[in-house]
Amino acid sequence: MSTVLIVDDDPALVRALTINLKAHGYEVHAAATGAGALRLAASHPPAAVVLDLGLPDMDGSEVIAGLRGWTAVPILVLSAREQSREKVVALDAGADDYVVKPFGMDELLARLRAAIRRGTPAPAEPTITTADFTIDLSAGRVTAAGRDVKLTPTEWHLLEVLARHPGQVVDHARLLTEVWGPAYREQSNYLRVYMATLRRKLEPDAANPRHLLTEAGRVYRFEP
């Protein structure tokens, strides 16, 4: 599920966008100020940002510049400002697209889908091979000794998140959020159960794993 950050101080518009985006399968976060948007984007990185330029604490172009200092997340400006100069300033600051209010919801959704597609990096290594099993990220399958390893959708999603960050620690809150959703950020027992199951299916010795590692009890790491 892709997360969209809406940045707008119009409660009615935020409510309408939230309803429509959730109906199309998106997770939605919202901020009414530029400062709040920057904090929220840092703590919960979105797949895309829908941004109004007229915010109460700063101009939307400043938010774009703040985001572009550390992330390439697609930014879709949604603004009543229709002058060419305003569009140029926003696009030069780093926005990916510009939609003028009032707008059609179908068009906005189409532009959002396109922005997320452009902003989603292809895996650098679609197939990851370890000494004990092979992960094909593009096909969504795992094989060991030439045979498919049967994983549930949740087991696969958990493995995929770890495999896309080989050698990097991933904390339990991020894994829980990406695999189960924000409401499960503190349910660390979910991770313990599913990690144990993955190890039984993939590790030669589940009690002494070589690939699916736990560090300090709070972070996890995949070693090819």
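The model described here is predicted.

Helix α3 spans residues 60-68, and its buried residues are Gly60, Ser61, Val63, Ile64 and Leu67. Viewed down the axis of α3, these residues fall within an arc of 155°, so they line one face of the helix.

## Aromatic pairs

A pair of aromatic rings is described by the distance of the centres and the angle of the planes. Two aromatic pairs are counted in this model. One of them joins Trp180 and Tyr190 in an edge-to-face arrangement, with 5.5 Å centre to centre and 75° between the planes. This pair links distant parts of the chain: Trp180 lies in the loop between α7 (172-179) and α8 (188-202), while Tyr190 belongs to helix α8, 10 residues apart.

Trp180 also forms an edge-to-face pair with Tyr194, at 5.3 Å centre to centre and 65° between the planes. Because Trp180 sits in the loop between α7 and α8 and Tyr194 in helix α8, the pair ties together parts that are 14 residues apart in sequence.

Ring pairs join Trp180, Tyr190 and Tyr194 into a cluster. Trp180 has a relative accessible area of 18%, and it is buried because this value is under 20%. Tyr190 is partly exposed, at 29% relative accessibility. Tyr194 likewise counts as partly exposed, with a relative accessible area of 25%.

Technical notes
Residues are numbered from 1 along each chain as its sequence is written. This is a predicted model: local features need pLDDT of at least 70, side-chain atom pairs count only at pLDDT 80 or more; totals for chains, interfaces and linings use all residues. Side-chain values use heavy atoms; hydrogens and water are left out. Buried means under 20% relative accessible area, exposed over 50%, partly exposed in between (1.4 Å probe, protein chains only). Helices (H or I, at least four residues) and strands (E, at least two) are DSSP runs, numbered from the N terminus. The arc is that of the directions from the helix axis to the C-beta atoms. Rings of Phe, Tyr and Trp (its six-membered ring) pair if their centres lie within 6.5 Å; planes under 30 degrees apart count as stacked, over 60 as edge-to-face and the rest as tilted.
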